[in-house]
Amino acid sequence: MAKSSSEILAWVAEVFETPAEKIRPETRRDEIDAWDSLGILALMAKMDEDFHILLTDEEIQRLNSVRDICDVLREHDVKIDP
Amino acid sequence: MAKSIVRGTAIRGVFSAVPSRRFDNFTDATGFTEDEVRKVVGMAGVKSRRMAGDSVCSSDLCQAAAEALLEKTGWEADSVDALIMVTQSPDYLLPSTACVLQTKLGLPTTCAAFDVGLGCSGYAYGLYLGALMLSGGGLKRALVLHGETPARFADESDRSVSLLFGDAGSATALEAVDPAGTTPWSFVLHTDGSGYQDLIIPGGGFRERFPEERRRYCVSMNGPNIFNFSIKRVPPVIQDTLDLAGLNKDDVDYYILHQSNQFIMRHLSKKMGIPETKVPLTLEDFGNTGGPSVPLTLVRGELTRPSDRSLKLMLVGYGVGLSWGAALVDLGPEAILGHVEYENRS
């Protein structure tokens, strides 16, 4: 599956119901209000729904920025074009 | 593999019972901002819950449900051959709560009575055991009671479980019937104990007898792991049960899922391609009551019941253990459903 970088950023913005302009690769978890324990469930659900990815506990622990989300997607063979 | 078809059992009635004390998450919750409550309610779908308080046990709720059930079905107490109590909130570590209920319900001493220590998956297991006992011959009538008081074992300051849990009991009357005249029931029952720590009350058992910290006696949940478990395990167990019965998903009238969390349940429905109208929700009024949420939803889920045919119900439990199971059963038009409130005295 291939997605452009901007598509992925827009997808993250949708998951956390956050304005797209606030989402950059370097945006940290603590900068996104909705990225709390409920937000993680929303992220897990969308990962499953849109990419058929079930995140492991270890992967969830590693997610601290938007870049980390992109890295996990790549590790699950989602190609992200620059 | 635990897949089984059981013939010759009918459901004569199902009653649910909840405490009369209602807890409104919007007006009664303390320690949360209004926004926080709104967010949790939006996700979990729980607006209010029924709370047992410190003096009401799951056995009290089950007793109330069973007494109403016996009365409405016209069953004499001494006609009951077996009592199965499914619970993880027993009255005592010993004796079995089923023994306490045998005498409280006035069941005969010739009655077999035992507890099953399962939670969210418990209803499918309880029905399986009840149906199996009846189909084995000799026994004619069985009561399957399933009750939990999760609100009593939740620490309300723990945000992973607060605002979510309610308390409920249930009673189901099973009767042996001629297998020739009924549709067989299908069961698929599974376990993955590697996740036992994902939903656990660590203290108070014999592994950790008297911990000093009060929180050790309360439930602790790893939400993301339970979410993963649910979406990984529930769709296959439903499909396996359909396959076992030789049915398609459209052949089922209702999928009555353990009322874990609205967000998870909607995700599951969508993932399985089951219309939301076939997945009744009772979370809004009762919260997550553990495994008894399945019979509670069977009774209170506003099921449309045709008068000329049985409903085909997929009853699915999943959670603590980790344990999960599905029971595909028929509910005849003559089966009596009812609901009672148990008056909190303190």
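## Domain arrangement

In this predicted model, the C-alpha centres of domain 1 and domain 2 of chain B are 14 Å apart. The domain assignment places domain 1 of chain B at 3-181. Domain 2 of chain B covers 185-333.

## The side of domain 1 that touches domain 2

Contacts between the two domains involve 50 residues of domain 1 of chain B and 50 residues of domain 2 of chain B. On the domain 1 side, several elements of chain B give two or more residues each. The strands are β1 (3-6), β2 (9-19), β4 (48-50) and β8 (169-176) of chain B. The helices are α1 (34-44), α4 (122-135) and α5 (150-153) of chain B.

What is the make-up, by class, of the side of domain 1 of chain B that touches domain 2 of chain B? There are 26 nonpolar residues on this side of domain 1.

## Overall fold of chain B

Chain B contains 9 helices and 15 strands. Its radius of gyration is 19 Å, close to the 20 Å that the globule rule gives for 346 residues, so chain B is as compact as a globular protein of that length. The C-alpha trace of chain B spans about 60 × 45 × 35 Å along its principal axes.

## Burial and contacts

Of the 346 residues in chain B, 49% are buried. Take the contacts in chain B between residues at least 6 apart in sequence: 80% of them join residues at least 24 apart.

Definitions and conventions:
Residues numbered from 1 in each chain as written. Chains lettered and ligands numbered in written order. Predicted model: local features only at pLDDT ≥ 70, side-chain atom pairs only at ≥ 80, totals over all residues. Domains from an automatic or database assignment. Contact = placed C-beta atoms within 7 Å. Helix = DSSP H or I, 4+ residues; strand = E, 2+ residues; numbered from the N terminus. Nonpolar A, V, L, I, M, F, W, Y, C, P; charged D, E, K, R; others polar. Rg over C-alpha atoms; globule rule 2.2 N^0.38 Å. Buried ≥ 20, exposed ≤ 12 C-beta atoms within 10 Å, placed from the backbone.
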